[in-house]
Amino acid sequence: MAPPIAVRVLDRCSVAPPPGSAPPTSLPLTFFDIPWLLFPPSQPLFFFQFPTPTSHFTSVTLPKLKHSLSLALLEYFPFSGRIIQSPESETPAIVYAEGDSVAMTVAEADGDFDHFCGHRSKDAGEFHRLVPRLSESGEVPMMAVQITIFSNAGISVGIALHHAIADGRTFTNFMKTWSSIHRNDENTPMKSFPFPLPFYDRSVIKEVNELKEMLLQQWRKHKKTLNKTSGEDDDLIRATFLMTPREMEKVKQWIVSHCKRKSKPPPPHLSAYVLTCAFVWICLCEARAGRATTPPPETCFFGFNAGGITRLDFAVPAAYLGNCVAFGRAAAARKDLMGEEGIVAAAEAIGRKIKELDGEVLGGAERWISEWEVLIESDSHVVILGSPKLNLYEVDFGWGRPTKIEEISIDGMKSGISLTESRDFKGGIEIGLLLPHNQMDVFASLFHGGLKVLA
């Protein structure tokens, strides 16, 4: 394993919204928010080219980053708040009060910046010193930030965000707001930016069949069972794999041709997302086969998020600040996934579940916590974090688009995979993966070799 990078902390500070700019606020959690109380914080990590010495960064760039973050928090002030559970109630809420702030760590790293920006395999632990962590006791903060300068090479921007405050849609809007303020004149009206400012009214999320109370009861039972931060397993390897539109089309044509030869209908929803997920799923099943310490289950699950705004039967503004995603869990027999028609079985299971959610996005919502507990705590299944629809590579602080984006929170899950849109191939998808060294080698061989076979 490569030696850990040296990271020297230059400053620890707090960044708050401008004084007097935001009212004291308490946001009740909705049934969409409650399951995320059991998940580890999201930890996106952005790398930007920045060939400038540390002295210029600390004297010129850093003050502007702090000021632009403060102005972004003017609109996203709940990100400065905390989750509080009052003695009178067992129901937590997101609370903001004057003086609340976001912890910021400023650091300098001596590692090879280009090494972190590549797709090749790397020690997972190398990334842990580039992202902040949130306190897991008492009043839990919503967000923390770490800015790390690689002198004369680049900057990394690491975030820790409590998932109960926002889904990927809201977080992406926040990052685009912060980066746009930094990139433009600070006096530019925020209403002129090409994305919506946040909408806070939680009443737009209509209560359905007492879902909130059912999920709260499950949360009270489990509390912190699933809430783990990224670990320090020396054997874990992080790598990124790419599916281009051309390769997706190869997979699709193979599935369609195979089904035609077998005189059976193809899976119902062969989208780019389904094709990518199905291919990754069967490669993972093969890579893990024979390497498990306990007998694998006969049924494999594939968990993912489905956007609720376009699927709900009541209107929710696109600018809504909070979670509005449903949980989907596709299931397939292990023997089917590892058989000759494994890719067909995987695409069928995922596509069928998406179609179900299209028709009834809250179907089975009362089981979200209990079903996802099985996924999070077993490496026999798969959980997808992120979405290629978020366009995170559009975040630009004025240094150009990110060179690379990683999601570090998958390190704290036994079965997590991250998906992001491709930086360099329009319509492509980047797959972030964390596996033990031997399994990563097998997965890489299956992934690249499988795409060649399908050509």
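Student: At what angle do helix H6 and helix H8 pack, and how far apart are their axes?

Tutor: Keep in mind that this is a predicted model. Helix H6, residues 272-288, packs on helix H8, residues 342-359, at an angle of about 130°, and the two axes are 8 Å apart. Anything over 145 degrees would count as roughly antiparallel, and 65 to 115 as roughly perpendicular, so H6 and H8 end up oblique to each other. As for handedness, the crossing of H6 past H8 is right-handed.

Now for the residues at that contact. On the H6 side you'll find Tyr273, Val274, Cys277, Ala278, Phe279, Trp281 and Ile282. Facing them from H8 are Gly342, Ile343, Ala346, Ala347, Ala349, Ile350, Gly351 and Ile354. Sort the H6–H8 contact by class and you get 13 nonpolar residues, two polar ones and no charged ones.

H8 has another partner to look at. Helix H5, residues 245-261, packs with H8 at an angle of about 100°, with 10 Å between the axes. An angle of 65 to 115 degrees counts as roughly perpendicular, and that is why H5 is described as roughly perpendicular to H8. From H5, the contact uses Val251, Trp254, Ile255, His258 and Cys259, while H8 brings in Ile343, Val344 and Ala347. By class, the H5–H8 contact has seven nonpolar residues, one polar and no charged.

Stepping back, the chain has ten helices and 17 strands. Its C-alpha atoms fill a box of roughly 65 × 55 × 40 Å along the principal axes. For 455 residues, a compact globule would have a radius of gyration near 23 Å, and the chain's 22 Å agrees with that. Of those 455 residues, 57% count as buried. Among contacts between residues at least 6 apart in sequence, 81% join residues at least 24 apart.

Buried means under 20% relative accessible area, and Ala107 has 0%, so it counts as buried. Ala107 and Leu10 are 97 residues apart in sequence, yet their C-alpha atoms are 5.0 Å apart in space. Leaving out residues up to four places away in sequence, Ala107 touches Val7, Arg8, Val9, Leu10, Gln146, Ile147, Thr148 and Ile149.

Key
Residues are numbered from 1 along each chain as its sequence is written. This is a predicted model: local features need pLDDT of at least 70, side-chain atom pairs count only at pLDDT 80 or more; totals for chains, interfaces and linings use all residues. Side-chain values use heavy atoms; hydrogens and water are left out. Axes are lines fitted to C-alpha atoms, for helices over the stretch in contact, and angles run from 0 to 180 degrees between N-to-C directions. Helices (H or I, at least four residues) and strands (E, at least two) are DSSP runs, numbered from the N terminus. Angles under 35 degrees count as roughly parallel, over 145 as roughly antiparallel, 65 to 115 as roughly perpendicular and the rest as oblique. A crossing is left-handed if the near helix is turned anticlockwise from the far one by less than a right angle, and right-handed if clockwise. Contact means heavy atoms within 4.5 Å. Ala, Val, Leu, Ile, Met, Phe, Trp, Tyr, Cys and Pro count as nonpolar, Asp, Glu, Lys and Arg as charged, and the others, Gly among them, as polar. The radius of gyration is taken over C-alpha atoms; the globule rule is 2.2 Å times the number of residues to the power 0.38. Buried means under 20% relative accessible area, exposed over 50%, partly exposed in between (1.4 Å probe, protein chains only).
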